[in-house]
Amino acid sequence: MLELRSVSKVFGELSALHQVDLSIPPGRVSGLIGPNGSGKTTLVNIITGIYAPDTGKILFNGVDITGSTADQTTRFGIARTFQNIRIFSRMTVLENVLAALISLNDQSWRILRGYAKSADDPQLKIALKALETVELLNEAGVVAAELPLPLRRRLEIARAFVRDPELLVLDEPAGGMTPTETSTIASLIRERIAPGRTCLVIEHKMDLISDVCQHLCVLNHGEKIAEGSPGNVLEQPQVIEAYLGRD
Amino acid sequence: MTDFVQNCIDGLMFGSGYALLALGFTLVFGVMKRLNLSFGPSIMLGAYAGTWVYLNFSDSAWLVALATVIATVAVGIYVERLCFRAIRRDSTIASMVSSFAIWMQLEEVAMHLLPERTYPFPAFFTTTTIEFGPFYARSEHITMLLLTLLLLVLLHVFLFRTRPGLALRLVSDNPLASAYMGINNSSILFLAFALVSVLGGLAGFLILSADTQVTPFFGLWATFKGLIAMMLGGMGSLPGAILGGLLLGVVEANAFWYGGAVIRDLSAYLLLFVMLIVRPGGLIGQKIVAKQRAADERV
Amino acid sequence: MLNDYVLTIISNIGMISLIALSAYLLLVTGQISFGQQAFFGISAYAGAIATTLWGWPFWLALIFGSGLAGLAAGLIGLLTLRISGMYFSIATLAFAEMIRLSLFKLTYQIEIDGELVGPNGAEGFGEIRWIFDHDISVMEYTLLIYGVLMLVLVGMVLLERSRLGMIFRMLGSDALLTRAQGLNPVRYKITAAVIAGFIAGLGGTLYAHSFTYIEPQIFNVMLGVHSLAYGLIGGLGTVLGPLIGVAIDIGFLESIRIFQGYRMIVFGGLVAVMLIFMPRGILDEARVYWIKAVARRWFNA
């Protein structure tokens, strides 16, 4: 579904990514792992259009989307959450989710019409359903800034999948969470979000990865060092070495 | 052609004054990533204090200079407390707006302290004209240029040969890392403001004594000139501030000669506007802008 | 009861509210403009020229002046697309000063009834006689001002509830995140700029005809910073915010003798203090939600 071919990115003197090839299979949860500084975030940013790669191509369902901007990649069907959580903090939880649905409409005159207010507006229903899935329905009217961290992550996840994206990218969904919270998020992803969807999860917490992912890709120092099923990949010496260091 | 070169000479001299003002802006921006738009008015109040001393106490230029600097520092501390220290670290724009609002306040205070429109400011230097070839220069401008160069050297020594200077440069480069190294960011901020106020006070003194008068418009004027010069050179860059000041001086001198006062001021703003759109990093370059953009978009 | 002095204050509040709303709209989309006075000024001159020199009817001059202002604002919006934050703010400042200085050079006079009429550089533009020629009383003109203001307010309330309004607020909150929702900020930033410029323009033409004399000095940075300050004080959560800010300044500070000569000291200090404790004003977004929630509970009880 998503294919990266020879993608490289250099920041000044730092080679963040070097000739990375990887492919993300449809319908499953893939994980992107690697130690800090391995280039995971850069890769995700390139996939989601935050910046363009220096070399290489990105193919989404066979279509070349290299160099697309963030709004374009979203419209192509890629949605994401952010490592350090980005939400519209001055808006309510419900409005945050509704905000994600705005661009689904044709944007000419409709842009002037009021946004989902009446109970039978289809977008309102979709938004409420998304909130229900992440168990934030009771907080629909709460201003987002007031939510504690785990709830904010759930809001972000809701906002990302409410558009029913073809590829859902979750960037460190368990960042900053206790082990209990991590396992709650993991079950949420595994049971409610992942089924029937293609997901890419970036994480360095192994418990979440092994709980949720069916396919893994490992980066180290900007290069891909392994790819395959978790059981396979996690046994490989270079992966173990990347995390634990050479003896 | 002679005119043009003469204008450039004048421009460079006057530009040195602009460079000093620009340094004040750029130092504050370098350390805090914020713009202090009250810089000019604080210098003006400093100059008013100097004038007061001149009118009521003594003719000594040194005393006036001292009064100017002390008063500028005092006002600088007021601005620092209210507009910068009190505002959250990441609200850089709020500080800018706040300092602009305080400019209004300071102007009115100035209006109350010294109600008449223009006041005499002591001439530090005697006015003679020096000629060389087909060109000439006024001695007070040459003196200003030389004193500016002296101040630059002193500033350089401070920043690169002393420990407080080092701390200042470290905080400019990476506030978080410096905090981890035990450098107290708040006191560095304070130091930066004090340093900048001293610079500003001296710059004001030099400019005004070359002019031998001070008006209530000086505050706004100094802010804009310093701001434009800084942005032309590149925000946060010391060499940029100097280059920007000189460039502004030269452009203005020529614009004034060929077009008059309005055209002169218009050219300054036009240059700034175009620079911001085409190359916001200024003469020095895009590194500053790129760094800021990366920080904004840290994903 | 409503003598001319009070009416003048009321009309000033009305006209300045327009430029305040203009700055507010841009603030909501996350752009701090120190330069809305440029559009206020462009429209003041253009509208006044239209009625005084060309004999146009007022409503046409109003649309002409504001339209020109909106266009100029759109142009600036286009030019400043790639810059944001402080750079954007300083650019708006630079542009506004360029306009003000250019007005010093604007001389366009026609002989009418044996006299030279029209803008004359630093001497200004006087004899904007429309209200005299048409026998409009102070009361009638005040009503006109508020008629226009009401229309603008209704428009802005509708905007607030529309998807476009939501997009504006999204941009103001997090432009990158807005992009990530599939929206390209460019068209929305320009739209906001044009609307804001137009609204400031409405204020400008009204102002020129109310004061009957305008000069470049009026459209200076002071006016610009004030327009910004009104929203910052009154609140960025609702269109009432900037109106409250204007009322505090013109209705309260300027009218009461005690503050004579100290208005700026108080006002400037007020802005600085607000930015520390209530950076989004008295009626900020959170407070507006709270008020709405309370109101809803009341009406349901």
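These notebook entries record what I looked up in a predicted model.

**Entry 1: a hairpin in chain A.** I began with strand S1 (residues 2-11) and strand S2 (residues 14-24) of chain A, which pair in the antiparallel sense over seven bridges. I looked up the partner of Phe11(A) and found Leu14(A) in S2(A). S1(A) and S2(A) form a hairpin with two residues between them. In the turn, I noted that Gly12(A) has a positive phi of about 60°.

**Entry 2: the sheet of chain A.** I then traced an open sheet of six strands, in the order S6-S7-S8-S3-S9-S10 of chain A, with mixed pairing. Its edge strands are S6 (78-80) and S10 (223-228) of chain A, each of which pairs on one side only. From one strand to the next, the twist averages 20°. Within the sheet, I examined S7 (residues 167-171) and S8 (residues 198-202) of chain A, which run parallel and are joined by five bridges. Asp171(A) has Ile202(A) in S8(A) as its bridge partner. Helix H1 (residues 40-47) of chain A packs on the sheet and touches several strands, including S3 (29-33) and S9 (215-220) of chain A. I recorded an angle of about 150° between the direction of this helix and that of S7(A).

**Entry 3: a helix in chain C.** Which length does helix H1 (residues 4-28) of chain C reach from its first C-alpha to its last? I found 35 Å for its 25 residues, close to the 36 Å expected at 1.5 Å a residue. Of these 25 residues, 18 are buried, so H1(C) is largely enclosed by the rest of the structure. Gly30(C) follows H1(C) and has a positive phi, near 90°.

How values were computed:
Residues are numbered from 1 along each chain as its sequence is written. Chains are lettered from A and ligands numbered from 1 in the order in which they are written. This is a predicted model: local features need pLDDT of at least 70, side-chain atom pairs count only at pLDDT 80 or more; totals for chains, interfaces and linings use all residues. Two strands pair if DSSP finds at least two bridges between them. Helices (H or I, at least four residues) and strands (E, at least two) are DSSP runs, numbered from the N terminus. The expected span of a helix is 1.5 Å times one less than its number of residues. A residue is buried if 20 or more other C-beta atoms lie within 10 Å of its own, exposed if 12 or fewer, and partly exposed in between; C-beta atoms are placed from the backbone. Axes are lines fitted to C-alpha atoms, for helices over the stretch in contact, and angles run from 0 to 180 degrees between N-to-C directions. Two residues are in contact if their C-beta atoms, placed from the backbone, lie within 7 Å.
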